[in-house]
There are 2 protein chains.
Amino acid sequence: MAEHEDDLAPEVEQDEDDTPLTRSLIARIMYAVETQDREMLWAEMEPLHAADIADLLEQSNAYDRRRLIALYGQEFDGDILSELDESIREEVINLLTPQVLADAVRELDSDDVVDLVEDLEDQQQEAILSVLEDSDRAAVEQSLTYPEYSAGRLMQREVVMAPEHWTVGDAIDFMRHAKELPEQFYHIVLVDPRLHPVGNVTLGRIMASRRDVPLKDIVEETFHTIPVTRYDGDVAYMFNQYHLISAPVVDEDGRLVGVITIDDAMAVLDEEHEEDIMRLAGVGEGGINDSVIETSKQRVPWLAVNLGTAILASLVIAQFELAIAQLVALAVLMPIVASMGGNAGTQSLTVAVRALATKDLTGANVWRVLRRETLVGLINGLIFALVMGAVGVVWFGGPELGYVIGAAMVINLVVAGLAGAAIPVIMDRMGVDPALGSGTFVTTVTDVVGFFAFLGLATVFLI
Amino acid sequence: MAEHEDDLAPEVEQDEDDTPLTRSLIARIMYAVETQDREMLWAEMEPLHAADIADLLEQSNAYDRRRLIALYGQEFDGDILSELDESIREEVINLLTPQVLADAVRELDSDDVVDLVEDLEDQQQEAILSVLEDSDRAAVEQSLTYPEYSAGRLMQREVVMAPEHWTVGDAIDFMRHAKELPEQFYHIVLVDPRLHPVGNVTLGRIMASRRDVPLKDIVEETFHTIPVTRYDGDVAYMFNQYHLISAPVVDEDGRLVGVITIDDAMAVLDEEHEEDIMRLAGVGEGGINDSVIETSKQRVPWLAVNLGTAILASLVIAQFELAIAQLVALAVLMPIVASMGGNAGTQSLTVAVRALATKDLTGANVWRVLRRETLVGLINGLIFALVMGAVGVVWFGGPELGYVIGAAMVINLVVAGLAGAAIPVIMDRMGVDPALGSGTFVTTVTDVVGFFAFLGLATVFLI
């Protein structure tokens, strides 16, 4: 289901502005802030979801944000902090009064507190932990002992479990009399006497079964446990691949320690996407809420790498100064060969990076994919060689320049296809994220090869 | 939580090969196919999930795929068809015997059949619909009347609903005696007498509440209904934004017609991402399973656009042939200015495209973002102007060439920041997907401006 939007039937409603944050609502909220009308502000913001309030704060400038938070006061909810983009979370926490911050944090589940504090500096982290009750604080500190980006950081510790020999009736009686059940849960995890998970039963199946049915007769067919140290990106992949709704997390002895639900996995999947697309462009961790200086700092490294590779390409051109001095048309045409190669290389690269991310490109088909990309480069090279050959003849009046540019085009597009697919595969084998800067490497190859092939052939045949 | 992988703590387990499809399993499966050992094939494939079998078929070549399917025979499951990539789905359907196909399709839920048949040609579609029972066929045909990429195509029609005045006890008694409940459900939808949904109650809350509690006292705080004609990308956004697990779908009169669950929304989110990344690279709907000719066809259009824009840039260079003939160093250095501009423009562009996709870039902050990108371009332009100025002095021995390339660098990076952010915003306002080919437009701007600024300044000050 690709090529989504442009062939939408006219009846599909796609409303870009269908967010509760309409222009007129934002205007009313800012009016309330201007006039310091707290009642009006509360009334206007009452229907908003915490995620929308977080968006509002992110889209405001720092000055408006400060005034808005000051006026909003004790209504400030812990969930807003959870939803806020990291780039301004610290700033917002500093704007809250100690009392408001304490109330906000105490409302949160332990996994949300973990998510909140894990990137804060020690001092802010301590300020938040100190307002928690002792048991909550212990739970949060326990979670923080798991490595960053691990399943342990993602899971919630509250799990509804049942011994494997229970029946549906036992489970229902247990739940009915349990003091406290998690806010959101969809499965009961069956465990053996050593607390090893052995199966998942959905609440729906429990509801639909007779009281005397053993739970182990109605476990779900697909069952996966997740090691607590597992990389969260792999967890997200697993949820997406196997359509999981929740999955138990186990420690190194295989004992149940928590559960991960699909909404957390979906958030990770979204972050992984963001990372892929940002890394392909060499943007680092940038978001649109970072400051100018911060953003500039994030982008300089890849621009510096690009400068190095651009100079490399220029050194190739410098070898042919004499040829260019004799035939200036070469300088006019050479960027075309390089540009087409860069474009074709980026196409192959993107397909390969995406296929690696979705685990569709493996040892089983890597040679087939490399061969295919090279062949596609050859075919497209031949097509554009014909076109450019003709352009060369018309523009510069002689067939020779056309032959040369056509031949260079074929060479460069074949190399583009091969390098575009091979470079991310090699990076992946070396344990490096294939999205990270592979675009720069591929265009370096196509620039160098493009200039060398075109100017080299021209020197041999035209000068 | 960006910049994920490279700062992973050493304890995080990230195992790229952690898929059930190990090399040795694939080898054993292919051995069974070679020796036509059906028993062994069934035994080896028995533990695999349908999604893994689909991956296996996708990663095999067409010849192995045909032999594998022929030997696997009646074990072929409907879920495998659902999981298969569209590019080979048609081929696989044609390989199945009518009996196997009929058995496979009859196992599927109606929403999976819809997903399966919606992209097939009429003849194959009819072949599949004809094996369904009448009621299932009617349900599928009803769903197909909703536009493609609408909520109506995504939803399942089986919903568990309850009148709004029911208590927990009423709901439990109803479920316990219901003939047939959906395979997967997590909420009961409360409806008024006209079948308008008024709230969602999780099964967990029902389990944890006393029998006499009215359902409407324990509805979830966050409740959204989805119009049946709503674009599925917007549905995925809503699930991600509000952490929904399931949401009722309503027709134009507001009546409940189905329900969408988060696993379907997650699949759409993944597809949307694929589309963004592919479109940014100008790849069209390509996947790694398409044929060489098919792939070549998909990629030619954007290469053709790129050729046009590259020729435009060359026309700019052609205006300065005389200057280049007098000072060949210009030809050597000009690609550096263009390349840096292209890179910086792509950085701004990617941040803007992503922010538009996540609805973080709106009317409220568009001017701030444009100003920020332009300022970042100015700062990075100044940094690399200094660097390139120094390179120019060392390489070509005079300060004048350094001044000129430095000035051109500043101009081009400012333009890159502005154009990179403005072009996707303008495309979005015009109702065009901002990912679609915006990269080509941005690099056209930076090529033209880069060549013009550098060669123009050189003509004025150096020649």
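Accessible areas here come from the Shrake-Rupley method with a 1.4 Å probe. The model is predicted.

**Chain A as a whole**

Select chain A and show its surface. The accessible surface comes to about 18,800 Å², and carbon and sulfur atoms account for 54% of that area. Of the 463 residues in the chain, 58% are buried.

Switch to cartoon. Chain A holds 21 helices and six strands. Its radius of gyration is 29 Å, well over the 23 Å that the globule rule gives for 463 residues, so the chain is more spread out than a compact globule. For contacts between residues at least 6 apart in sequence, 66% join residues at least 24 apart.

Now colour the charged side chains. Chain A carries 77 negative and 29 positive ones. The centres of these two sets lie 5 Å apart.

Select A:Ser143, which sits in helix 10 of chain A. Is A:Ser143 buried or exposed? With a relative accessibility of 4%, A:Ser143 counts as buried, because the cut-off is under 20%. Beyond its neighbours within four places in sequence, A:Ser143 is in contact with A:Val114, A:Gly152, A:Arg153 and A:Arg157.

Move along to A:Tyr149, in the loop that joins helix 10 (134–144) to helix 11 (151–154). Most residues other than glycine have a negative phi. A:Tyr149 has a positive phi, near 60 degrees. The residue is buried, at 7% relative accessible area.

**The CBS spans**

Next select residues 155–218 and 219–275 of chain A, where an unreviewed UniProt entry places the feature "domain: CBS". Residues 155–218 are 25% helix and 22% strand, and the end C-alpha atoms of this span lie 25 Å apart. For residues 219–275 the figures are 44% helix and 23% strand, with the end C-alpha atoms 36 Å apart.

Stay in this part of the sequence and pick A:Leu195. This residue lies in the loop between strand 2 (187–191) and strand 3 (197–202) of chain A. A:Leu195 is not a glycine, yet its phi is positive at about 70 degrees. How does its accessibility class read: buried, exposed or partly exposed? A:Leu195 counts as partly exposed, because its relative accessibility is 32%.

Two of them can be checked against the cartoon. Residues 324–344 are 90% helix and 0% strand, and their end C-alpha atoms are 26 Å apart. Residues 403–427 are 100% helix and 0% strand, and here the end C-alpha atoms are 36 Å apart.

**A helix in chain B**

Finish by switching to chain B and selecting helix 14, residues 232–242. How many of its residues are buried? The count is 11 of 11, and the helix is mostly covered. Among the buried residues are B:Asp232 and B:Asp234, along with B:Tyr237, B:Met238, B:Phe239 and B:Tyr242. Step past the end of the helix to B:His243, which follows helix 14 and has a positive phi near 55 degrees.

Note on methods:
Residues numbered from 1 in each chain as written. Chains lettered and ligands numbered in written order. Predicted model: local features only at pLDDT ≥ 70, side-chain atom pairs only at ≥ 80, totals over all residues. Heavy atoms only, no water. Helix = DSSP H or I, 4+ residues; strand = E, 2+ residues; numbered from the N terminus. Buried < 20%, exposed > 50% of the residue type's maximum accessible area, 1.4 Å probe, protein only. Rg over C-alpha atoms; globule rule 2.2 N^0.38 Å. Contact = heavy atoms within 4.5 Å. Lys, Arg positive; Asp, Glu negative; His and termini not counted. Charge placed at Lys NZ, Arg CZ, Asp CG, Glu CD. UniProt positions renumbered as here; feature names shortened; annotations may be inferred.
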